[in-house]
Amino acid sequence: MTYTLAIFSTLAAWFIGLLADVNIDFGDPQGFLALRVLFPTLAMGICILKAIKSNEKK
């Protein structure tokens, strides 16, 4: 169960970051904020911390 939640939340975060990168324009030469990298990293980190916390309670 934990693995599927981590996979789906990471993919959803990547997709949200991709849409945010495309729609937010700051006029940078690069043209994106790298949110498609930041959001999945945060989502996976939160899933890992949640799994560690639930294992400590047992």
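This is a predicted model: local features need pLDDT of at least 70, side-chain atom pairs count only at pLDDT 80 or more; totals for chains, interfaces and linings use all residues.
Residues are numbered from 1 along each chain as its sequence is written, and side-chain values use heavy atoms, with hydrogens and water left out.

Colour by secondary structure next, and the chain shows two helices and zero strands; helices (H or I, at least four residues) and strands (E, at least two) are DSSP runs numbered from the N terminus. Of the contacts with a separation of 6 or more, 45% join residues 24 or more positions apart, a contact being heavy atoms within 4.5 Å.

Now select helix H1 (residues 2-23) together with helix H2 (residues 35-57), whose axes come within 7 Å and cross at roughly 160 degrees. These axes are lines fitted to C-alpha atoms, for helices over the stretch in contact, and the angles run from 0 to 180 degrees between N-to-C directions. The crossing angle therefore makes H1 roughly antiparallel to H2, a label given to angles over 145 degrees, with under 35 counting as roughly parallel, 65 to 115 as roughly perpendicular and the rest as oblique.

To see the contact itself, show the side chains on both helices: residues including Leu5, Ala13 and Ile16 in H1 meet residues in H2, among them Phe39, Cys47 and Ala51.

Move to Thr10 in helix H1, which is buried, with a relative accessible area of 18%. Leaving aside residues up to four places away in sequence, Thr10 touches Pro40, Ala43 and Met44.

Finish at Arg36 in helix H2, which counts as partly exposed at 29% relative accessibility. Beyond residues up to four places away in sequence, Arg36 touches Trp14, Gly17, Leu18 and Asp21. Its side chain makes a polar contact with the side chain of Asp21 at 2.9 Å; such a contact is a pair of N or O atoms within 3.5 Å, where, within protein, one must be able to donate a hydrogen and the other to accept it, and residues adjacent in sequence count only if both atoms are side-chain atoms.

Terms used: Buried means under 20% relative accessible area, exposed over 50%, partly exposed in between (1.4 Å probe, protein chains only).
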